[in-house]
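Please have the structure open beside you as you read.

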Amino acid sequence: MPLFRPKPLLKMATSTGGKILEGVFGINKPIGISSAQVIRDCQNFFDPSARFAPALEQVREQRDKESKYQRNRRRRFPNKVQTKIGHGGTLDPLAGGVLILGVGKGTKSLQQFLLCTKTYETVVVFGASTDTYDRLGKIIKKGDYSNVTRDAVEKALEPFRGKYRQMPPLYSSLKMNGKPLYEYAREGKPIPREIETREVEVSELELVEWYEPGTHKHYWPDEEAGQAEKDVAQSVWRVAKAQEDGGEESAAKMAAEEESKALEEFNSKKRAAEEAVDGLVSDETRASKRAKNEEGNPEDTLMSGALEVKKEKLTQPPKGRGSDLVPVRPDDMPAPWEGKGPPAAKIRMTVTSGFYVRSLCHDLGEKLGCGAMMAELVRTRQGQFTLGGANCLEYDDLLRGEEVWGPQVESMLDKWNARPGEIQEPTVENGGIKVESEAVPAREEELVAASG
């Protein structure tokens, strides 16, 4: 494939001189915050920095030349000037790892990374399925995990290697004609068309660590879905299974039957009982929040890595709407199962763009007949950006001050500008990993991150 090489980013001088920092670098996103919040945190550190002053000055000079119409388009913050930052593929709050950031004109290169391969490590916990396919959702069903062994999981992984058509997370994210699938079921309407699948490719899939029952702390969620929710979710899953096994006609027939049954259940007396339970859960949640406020900031537990070195007088960024999005399970909370509980496994995979890791976890549990969910997720590589590599900044280094993050970020941006636009994809060679440069042309639409 011919290399696509955009022109190097020009280091234009401002009226007062100074190098303009722009380009692309990676950052290790912590679990618990949104990708957008990482951008806001970086802006909080970059904007006051003398390193980024020339870039901000350039923006001000450009705005001075704008027309009145252009200025009116920024009604909320007409005079606010920030470092321009974007990301090249979002990570859910539950996921951590490599998040690619573009600074200034480097944001124009971010679309290339939507097409490159990515490597993930995920922890799958067996024995239950949730509506969101991960540990943050509500339990839809539980299954017998007594016969789930490492060998059984290794065998069940086989069909997920290579190319296949993957079903996206149905109950939580898939929409048809702008409406979630479960809404059709609740209204007693048939699913209007075949559930769309996406061709994906898994070039590497390896079970790297096995956790026997009682040897890990990866738990199911404590909250179970109401009966009506369970009926709706399972009806949608059965329709999807029928589509895979028997084609669209079989799926449409089952859809009508399953969705009518779901509607009947939804309008039954169970709905009133669930509302009462929801009230109890709401009261419990409010009580929990009050207890947390009395005990102190929940961030102390969430960002334990940062807290370990807080004695170094780390500068914490302001809390934003994308902070503290993943609740922390108290150490003294009882396990949601009897006995030692289910096994779990850490799985590493290299996948194409548009792959849903949580779907693989869910589908693996269905294949084993016991249910499963995604408990943890880390993106260890995207393109040539690798976790712990020279081009990936540790988030905690931001907190340690500009004397730590400043030289690193400047060096990373300079290295990007030396070879802009090239995406390095790994290839297997002689049992090892070799990195080859091959640029991928940009496309217009943005794919949802594999963590979703």
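The side chains of D397 and Q408 make a polar contact, at 3.1 Å. Keep in mind that this is a predicted model. D397 lies in helix α12. Is D397 buried or exposed? With a relative accessible area of 12%, D397 falls under the 20% cut-off, so it counts as buried. Setting aside neighbours within four places in sequence, D397 is in contact with V404 and W405 as well as Q408.

F46 belongs to helix α1, where it is buried. This helix covers residues 35-46, and its 12 residues should span 16 Å at 1.5 Å a residue; the end C-alpha atoms are 17 Å apart, which agrees. Helix α1 is mostly covered, with 9 of its 12 residues buried, among them V38, I39 and F45. What do these buried residues pack against? Their partners are strands β1 (23-29), β2 (85-87) and β3 (95-103), together with helices α12 (395-399) and α13 (402-418).

Now step back to the nonpolar interior. In soluble globular proteins, nonpolar side chains tend to be buried together. Here the largest nonpolar core has 65 residues, and F46 is among those with the most contacts inside it, alongside I27, F126 and M349. Strand β10 (residues 198-211) gives the most to this core, with 6 residues. Apart from it lies another core, of 15 residues, including M167, M176, Y184 and V236.

Definitions and conventions. Residues are numbered from 1 along each chain as its sequence is written. This is a predicted model: local features need pLDDT of at least 70, side-chain atom pairs count only at pLDDT 80 or more; totals for chains, interfaces and linings use all residues. Side-chain values use heavy atoms; hydrogens and water are left out. A nonpolar core is a set of buried Ala, Val, Leu, Ile, Met, Phe, Trp, Tyr and Cys residues joined through side-chain atoms within 4.5 Å. Buried means under 20% relative accessible area, exposed over 50%, partly exposed in between (1.4 Å probe, protein chains only). Helices (H or I, at least four residues) and strands (E, at least two) are DSSP runs, numbered from the N terminus. The expected span of a helix is 1.5 Å times one less than its number of residues. Contact means heavy atoms within 4.5 Å. A polar contact is a pair of N or O atoms within 3.5 Å; within protein, one must be able to donate a hydrogen and the other to accept it, and residues adjacent in sequence count only if both atoms are side-chain atoms.
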